[in-house]
Amino acid sequence: MRILNTTAFFFLLPAIALAYSNPSNVPNGTFDPSGLVNDFAAVLSAEEKASLENKLVSFEKETGHEITVAVIKNLGGDAIENYAEELFKEWGIGKKNADNGVLFLISLEDREMRIEVGYGLEGALTDAETKWILDGAVAPFFKEGKYYEGIAAGTDKIAEAIKGEIVSSDSSKPSKIPFDTFLVIGWFLFVALASILGRSKSWWAGGIVGGVIGVIVGLIKGFVFLGATALAVLIPFGLLFDYFVFCSSFILH
């Protein structure tokens, strides 16, 4: 019964984690977009802003893809990944059924940048490519205080990468699963596995479970290296997890 009570407590942890999680620091209504180029830090002249705006508007008319620029003073203590994702969703960048938008976010005081890419363009603009654009095309200008030149170079490279990309308007495509959902699902799986292994009174069943999962990963992905890596990681993790549950069951009794 004590194991069951402990298991019930685990069920409450996702709710506790969500309640105390740090919400996005994007201020509602404060950063409403005024176009495709939004300079909330006042680093661009009126002429520079108009030039970038016209270029991005023309690109959107030509391709249907939306590139939005946001320059802010700071992230308010938030992680740039979270801030960019929330701002992307709040502004609704890209076509609704195609998710073909790109957000180029610059936080001046934090000296951080991020290119947030909609699901429909992830194949054309990969994480490796966005890193290359930021480090190779944008950063050299920013280090010299040339923000217009850096933003222009970054948007040009983004446009080059996605220009020929044809995105389907099929709304049935999969969407990104929020992190909160992963958190809750992960805890439910944790609780279920702990309950099963706790009843088994074994210290080795977790290793078998980890091995089976590793084999499944290898078969689904079709990569020998990935499957072997999964086995090498999941089997020891399963054994350790099972041993922890095994010892906990005796302590609780």
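Guide: What follows is a set of questions on a predicted model, each answered from its values.

Visitor: How many helices and strands does the protein have, and in what order do the elements run?
Guide: There are eight helices and four strands. Read from the N terminus, the order is α-β-α-β-α-β-β-α-α-α-α-α.

Visitor: Why is T130 called buried?
Guide: Its relative accessible area is 8%, and buried means under 20%, so T130 falls in that class. Across the protein, 35% of the 253 residues count as buried.

Visitor: Where is T130, and which residues does it touch?
Guide: T130 belongs to helix α4, residues 127-143. Leaving out residues up to four places away in sequence, T130 touches I115, V117 and L125.

Visitor: What makes the approach of the T130 side chain to D127 a polar contact?
Guide: The side chain of T130 reaches the backbone oxygen of D127 at 2.8 Å. The limit for such a pair is 3.5 Å, so the distance qualifies.

Visitor: How many aromatic pairs does the search of the whole structure find?
Guide: It finds two aromatic pairs. In one of them, F40 and W91, the ring centres are 6.3 Å apart.

Visitor: Why is the pair of F40 and W91 called tilted?
Guide: The ring planes meet at 55 degrees. Under 30 degrees would count as stacked and over 60 as edge-to-face, so this pair is tilted.

Visitor: What does the pair of F40 and W91 tie together?
Guide: F40 lies in the loop between β1 (37-39) and α2 (46-63), and W91 in helix α3 (residues 80-91). The pair therefore ties together parts 51 residues apart in sequence.

Visitor: Are F40 and W91 buried or partly exposed, and how do you know?
Guide: F40 has a relative accessible area of 26%, which lies between the cut-offs of 20% and 50%, so F40 is partly exposed. W91 has 12%, under the 20% limit, so W91 is buried.

Visitor: What makes β1 and β4 edge strands?
Guide: The open sheet of four strands has the order β1-β2-β3-β4, with mixed pairing. β1 and β4 (112-117) each have a single partner strand, so one side of each is left without a neighbour in the sheet. The twist averages 10 degrees from one strand to the next.

Visitor: How do you know that β1 and β2 pair?
Guide: Pairing needs at least two bridges, and three join β1 to β2 (residues 66-72), so the two strands pair. They run parallel, and V37 stands opposite V69 in β2.

Note on methods: Residues are numbered from 1 along each chain as its sequence is written. This is a predicted model: local features need pLDDT of at least 70, side-chain atom pairs count only at pLDDT 80 or more; totals for chains, interfaces and linings use all residues. Side-chain values use heavy atoms; hydrogens and water are left out. Buried means under 20% relative accessible area, exposed over 50%, partly exposed in between (1.4 Å probe, protein chains only). A polar contact is a pair of N or O atoms within 3.5 Å; within protein, one must be able to donate a hydrogen and the other to accept it, and residues adjacent in sequence count only if both atoms are side-chain atoms. Contact means heavy atoms within 4.5 Å. Rings of Phe, Tyr and Trp (its six-membered ring) pair if their centres lie within 6.5 Å; planes under 30 degrees apart count as stacked, over 60 as edge-to-face and the rest as tilted. Axes are lines fitted to C-alpha atoms, for helices over the stretch in contact, and angles run from 0 to 180 degrees between N-to-C directions.
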